Amino acid sequence: MKTIQKMYEHLNWANQRILEILQSIEEENQEVSRLFSHILFSEKVWITRLRGLESSALPIWSDVDIEFCAKLVMQNEESLTTFFTNLAHNDMDKIITYTNSKGIKFKNSVRDILIHVALHGQYHRGQINSRLRANGMEPVNIDFITFVR
């Protein structure tokens, strides 16, 4: 469980670093903002599912501005912190049943969901860095090893 908690400390740190660079860019890049908001909306969906609540009405892709993303970063971090605070070690193998955005029913363990969310975000943050470089900007160092340094 310590490893997964560390992954989420990294996730929150990486989201904050991406947010800061996007807030510093004078002209908002729609594609980059859309990828970042997708990470944040997906986190919100998964947090909702982990709480045992219905998530089908929540967006996964939505065009929002960077100020809205900043609110989501803060909300998700607070929600995840609360979730981990209340999570017992034996809850990691608890099975969560949910319906995905296409209406398909799934069952996954809390552990697998948490790993998925962390890896999903890192994948898309890599895409964001690729887009930043393509636009002549320096990518944001969000490597885990930099985080733990």
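This is a predicted model: local features need pLDDT of at least 70, side-chain atom pairs count only at pLDDT 80 or more; totals for chains, interfaces and linings use all residues.
Entry 1, H1 against H2. I began with helix H1, residues 2-24, and helix H2, residues 30-50, and found that they pack at an angle of about 150 degrees with their axes 11 Å apart. Angles over 145 degrees count as roughly antiparallel, and so I noted H1 as roughly antiparallel to H2. I recorded the crossing of H1 and H2 as left-handed. On the H1 side the contact is made by Leu11, Asn15, Ile18, Leu19 and Leu22, and on the H2 side by Val32, Phe36, Ile39, Leu40 and Glu43. Sorting the residues of this contact by class, I listed 8 nonpolar, 1 polar and 1 charged.

I then turned to the packing of H1 with H3, where the angle is about 170 degrees and the axes lie 10 Å apart. By that angle H1 is roughly antiparallel to H3, and the crossing of H1 and H3 is left-handed. From H1, I wrote down Ile4, Gln5, Tyr8, Leu11, Asn12, Asn15, Gln16, Leu19, Leu22 and Gln23, which meet Ile66, Ala70, Val73, Glu77, Leu80 and Phe84 in H3. The residues of this contact of H1 with H3 divide into 10 nonpolar, 5 polar and 1 charged.

I looked up Asn76, which lies in helix H3, residues 66-85. For the pair Asn76 and Ile47, which stand 29 residues apart along the chain, I noted a C-alpha separation of 7.9 Å.

Last, I went to strand S1, residues 95-99, and strand S2, residues 105-109, which pair in the antiparallel sense over 5 bridges. Within this pairing Ile95 stands opposite Ser109 in S2. S1 and S2 form a hairpin with 5 residues between them, and in the turn I found Gly103 with a positive phi of about 85 degrees. Checking the two faces of S1, I noted Ile96 and Tyr98 on the covered face, whereas Ile95, Thr97 and Thr99 are on the uncovered one.

Key
Residues are numbered from 1 along each chain as its sequence is written. Side-chain values use heavy atoms; hydrogens and water are left out. Buried means under 20% relative accessible area, exposed over 50%, partly exposed in between (1.4 Å probe, protein chains only). Helices (H or I, at least four residues) and strands (E, at least two) are DSSP runs, numbered from the N terminus. Two strands pair if DSSP finds at least two bridges between them. Axes are lines fitted to C-alpha atoms, for helices over the stretch in contact, and angles run from 0 to 180 degrees between N-to-C directions. Angles under 35 degrees count as roughly parallel, over 145 as roughly antiparallel, 65 to 115 as roughly perpendicular and the rest as oblique. A crossing is left-handed if the near helix is turned anticlockwise from the far one by less than a right angle, and right-handed if clockwise. Contact means heavy atoms within 4.5 Å. Ala, Val, Leu, Ile, Met, Phe, Trp, Tyr, Cys and Pro count as nonpolar, Asp, Glu, Lys and Arg as charged, and the others, Gly among them, as polar.
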